[in-house]
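Please keep the sequence and the structure in view while reading.

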Amino acid sequence: MMNKGLLIGMVLAVAVAQGAGWQLELNTSTGGQVRYGDNLVAEIKPGLHTTRWRRWEINRFDHGIAEPGGQIRGLGGDAEQRFTSALDTRRVDTKTQHFAYVLTTHQDTVLCSFHVSFMFPVKAVLAKTFRVDDQVPQAYPQKFTRETKHIFTGAVSRLEMDTEYGKLVFAFKEPTVVLVQDNRNWGDNFCVRIQHPRPAESAWQAGETFAFAMDLSFPEPYELERNEPLRIVEGADWVKLDYRLGIKAGTALDFSTMQLLDGPAGKYGWARAAGDHFEFAGLPGKSQRFYGVNLVGSAAVISHEQSLELADRLCRSGYNTVRYHHYANAVFKPENGCSTNLNPVKMEQFDFLFAELKKRGIYATTDVFSSRGVYASEIWADGEERLMEFREFRPHIAVNPKALENVKTFARNFFLHRNPYTGLTYAEDPALPWICLINEGNSVPRPGSGRAYQAWLDAWNKWLLEKYGTTAKRNQAWGIDAPEVMTAYHTSPASAPIAAEWRDFELFQVDMEKRLYDNLAAFMREELGCKAMLTSMNHSWLNPRGATIRERFDYVDQHFYVDHPFFPVKRWQVPSSSKNDNLVKTGNIGGTQHAFGRHYGKPFTVTEFNYSAPGQYRGVGGILTGCLGALQDWSGIWRFAYAHGKGPIFTPGRMAYFDTARDPLNQAADRATVCLYLRGDMAAADKSIAISMPEDYLEQCTDFPIQNISPRWQKLVSLARVGIVVGPATRRAPGDIVLALGKNGPQAADMIAGDSLGDEGGAALFARIRAQQWLPASNVTDMEGGLARVQSQNGQFTVDSARGVMLIDTPHTAGGFGPADSHLATAALAADIFDTETTLWASSVDARPLQDSRRILLTHLTDLQNSGIHFAEKERRTLLNWGDLPFLVRQGRARVVLRHNRPQTLKAWVLHTDGERRAEWPVQQVPGGICLELAVRGADGAQMLYEISE
């Protein structure tokens with residue numbers, strides 16, 4: 001008889017072998033993926049480019065699959081432009097799949113391309129070749145250049161693509177136009193684009209189609225999987241949660257006991273920059289960090305009773321700051337064609353909440369302009385008596401004096417308003433120490449933006465005349481025969497015909513943003529007497545022009561989101577889509593690229609971040625952000641948002657995209673971030689990497705300037721602090737290793753030049769790290785394997801993307817994230833995860849290390865969704881319906897061993913979501929500690945939180 005263990009081993013081996021095979025996954029919008037085991041080989045994306053190469057993906061669920069093997073239909077575009085993709089498929093044999101696509105435009109339009117793309121990750125093909133028909137195999141360029149971006153284009157009958165996992169073959173019955181493109185300027189992939197043969201900017205009529213058919217052959221038999229809609233309901237896999245609002249005082253969830261707040265806010269004077277950190281004038285030499293949430297719109301305009309409840313709740317959450325965002329629409333009084341006056345009733349409520357938060361030691365930040373409605377008649381003599389949506393108004397602030405004056409008038413009214421509960425105006429209150437001038441204002445209007453586009457075009461022509469004096473001198477500099485008055489401008493380098501014109505347009509944008517910042521900053525400081533630190537441009541522009549402008553700010557601010565929704569039909573209405581990717585598995589955790597937006601010598605903040613709902617990995621997202629902020633030693637982080645309006649704060653309701661007040665999963669994740677980042681459980685990285693950029697980079701550049709300062713080796717943010725330093729050659733560049741972007745920037749004794757942000761720079765950087773012996777022998781960072789594992793120098797943070805595991809190993813907080821059947825091992829905690837992907841950690845609630853703590857919060861998170869939430873596919877990338885209460889939590893089990901010096905004294909309790917003890921939980925004594933068997937499914941519903949106390 002066969003040994004039982006051997007039989008089980010053979011079964012597992014067969015399962016592994018099957019799982020390592022080829023798979024073709026088709027989604028409900030006619031796209032999909034080609035995979036080999038857990039490895040992505042190619043992503044299939046139908047899409048198009050309209051005028052000036054504006055990109056649209058056909059990524060929306062249409063009507064799904066009527067029957068097995070039936071046609072799949074996808075939608076793209078918006079309410080004004082609609083495109084569809086229809087896909088018929090059939091299996092030719094065990095190794096070959098037939099595709100028949102029909103792409104249709106539903107209105108007259110101009111298209112630059114209409115295509116289906118196969119996106120191959122760089123790592124899957126870079127060392128391989130491709131072959132067109134009977135031509136000689138061709139290698140991929142090792143380094144991206146604009147000249148080699150289009151590697152091949154032409155009509156083909158057969159295309160062979162070698163990959164790390166085997167050869168894929170595209171076969172076309174009729175010669176079909178194929179473009180092989182190097183996408184490394186925009187992403188980490190090479191693209192095979194099957195497209196229509198017409199030239200760019202060609203006219204298409206409504207109902208016109210582009211059809212092609214092909215056979216895709218795999219090296220060996222493959223599995224085909226077609227997606228179907230998914231609705232989550234209570235059952236074996238999903239458990240109902242009894243959710244309670246708020247946090248009860250004195251419970252293990254009451255983080256006010258950690259003494260992270262020191263009220264009243266402002267007691268030590270104004271915050272100021274001290275190198276890379278904030279400090280208070282009255283506490284020189286002591287760096288300050290801040291972590292909090294956004295209160296959006298009317299969430300800051302509530303009754304006195306509600307203000308007291310909210311202030312206590314935020315205090316118990318451990319937050320020491322809030323951001324008042326979109327506040328103006330809640331406190332202004334638009335009437336009689338004037339949008340700049342305050343509503344005295346609403347302002348009194350705003351004042352009271354501000355004062356109560358200030359008493360508790362909670363600091364504030366806000367914007368001069370974010371989204372206030374402005375009457376068109378206030379800006380133009382022929383303007384209508386209507387309030388403009390902020391996206392229509394905002395571009396005018398930099399180019400229209402009346403728009404700028406409107407912003408100043410409201411700012412004058414608001415910041416000089418005296419709060420009766422503090423006795424101070426907002427301009428003179430040190431509890432409001434940071435102000436962004438224009439929220440997310442750094443965007444140039446696109447063609448078709450009406451008055452805004454024309455105003456910027458006029459400003460562009462004026463700037464060119466100021467720079468060159470004559471058309472002849474401008475044309476000589478550009479090397480082309482352009483008209484005297486430019487009738488259009490390019491909004492991306494991809495659409496710009498020559499580098500000289502695009503460089504000038506970047507310099508023009510820099511000048512416009514500098515003038516706006518200098519004007520508003522002088523107004524705030526000189527006229528209003530405001531002593532707060534100022535910033536602006538807090539979104540995007542992670543490029544040299546953005547770095548050039550931000551160098552003049554008091555501090556630098558950025559925003560980032562993971563799974564921010566995209567709305568293919570109508571903004572802020574379903575259907576919506578998001579990637580819903582496991583970022584631990586990819587290794588590029590949220591905020592990675594934005595870390596390079598930090599300017600050395602200035603504090604760095606993130607006033608908006610979120611791992612947005614309904615993404616299934618948001619439970620680990622807040623923790624990843626806390627780890628990143630701690631390792632990078634950022635100065636402030638604000639989650640967007642706590643609530644949009646008062647409803648989510650005080651009334652139970654279903655989860656939505658952003659509001660933490662109605663998302664128990666993100667609330668739980670935030671507690672880890674409070675500990676790791678704000679309390680300082682995770683230490684900042686000892687080593688630093690700096691990118692050195694000359695202040696005149698754009699003037700020096702002789703080609704198209706780079707469009708992204710986030711390098712290909714960006715995963716090193718888990719190992720070392722990163723950032724940029726901008727200035728002349730006379731300035732010293734900080735950093736243990738410095739990489740030069742351009743010539744004559746800030747200098748260091750030993751610098752890496754050349755392709756500093758690409759693969760060459762990465763290789764040189766890795767060599768320096770080895771030579772300087774940054775890593776102890778025990779460190780598991782894998783610089784040879786594409787950073788599939790990265791571990792902080794002190795071993796407190798590890799991302800092992802190959803295994804899909806993240807570890808946190810600090811004295812006061814320990815745990816991590818892993819898939820089913822994984823093991824987490826840290827000094828204080830070990831865990832076996834069963835059933836499903838899980839985030840699990842323990843934090844001491846008192847000041848003692850975990851192994852000596854008398855009160856510990858243990859958190860066990862799987863996934864949380866609304867009842868009946870409806871997705872178009874099993875990957876949950878397209879949301880069709882939000883569902884409703886009650887919340888459902890994904891069933892999962894784990895075994896946890898907590899090491900402790902007095903295990904015999906410890907007991908455990910399951911907690912309600914407000915912290916109240918729900919029931920005692922069994923604790924087993926093991927050598928050197930205790931063991932707990934955790935399960936989401938409890939006797940009376942889902943459970944996620946546990947208290948362990950003496």
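## Cysteines

In this predicted model, C530 has a relative accessible area of 5% and is therefore buried. C315 also counts as buried, because its relative accessibility is 16% and the cut-off for that class is under 20%.

A search of the whole structure finds zero disulfides. For C315, the closest cysteine sulfur belongs to C675 and lies 15 Å from its own sulfur, which is too far for a bond, given that a disulfide requires the two sulfur atoms to be within 2.5 Å. C530 is likewise in no disulfide, the nearest cysteine sulfur being that of C436, at 13 Å.

## An open four-stranded sheet

An open sheet is built from four strands, which follow one another in the order β17-β45-β46-β29 with antiparallel pairing. The edges are taken by β17 (230–231) and β29 (576–577), and because each has a single partner strand, one side of each is left without a neighbour in the sheet.

Strand β45, covering residues 870–871, runs antiparallel to strand β46, covering residues 878–881, and two bridges join them. Within this pairing, F871 stands opposite L879 of β46.

## Packing of α13 and α15

Helix α13 (residues 618–632) packs against helix α15 (residues 664–678) at an angle of about 15°, and their axes are 8 Å apart. At that angle α13 is roughly parallel to α15, and the crossing of the two helices is right-handed.

The residues of α13 that meet α15 include G622, G626 and C627, while those on the α15 side include A669, A672 and Y677.

How values were computed. Residues are numbered from 1 along each chain as its sequence is written. This is a predicted model: local features need pLDDT of at least 70, side-chain atom pairs count only at pLDDT 80 or more; totals for chains, interfaces and linings use all residues. Side-chain values use heavy atoms; hydrogens and water are left out. Buried means under 20% relative accessible area, exposed over 50%, partly exposed in between (1.4 Å probe, protein chains only). Two strands pair if DSSP finds at least two bridges between them. Axes are lines fitted to C-alpha atoms, for helices over the stretch in contact, and angles run from 0 to 180 degrees between N-to-C directions. Angles under 35 degrees count as roughly parallel, over 145 as roughly antiparallel, 65 to 115 as roughly perpendicular and the rest as oblique. A crossing is left-handed if the near helix is turned anticlockwise from the far one by less than a right angle, and right-handed if clockwise. Contact means heavy atoms within 4.5 Å.
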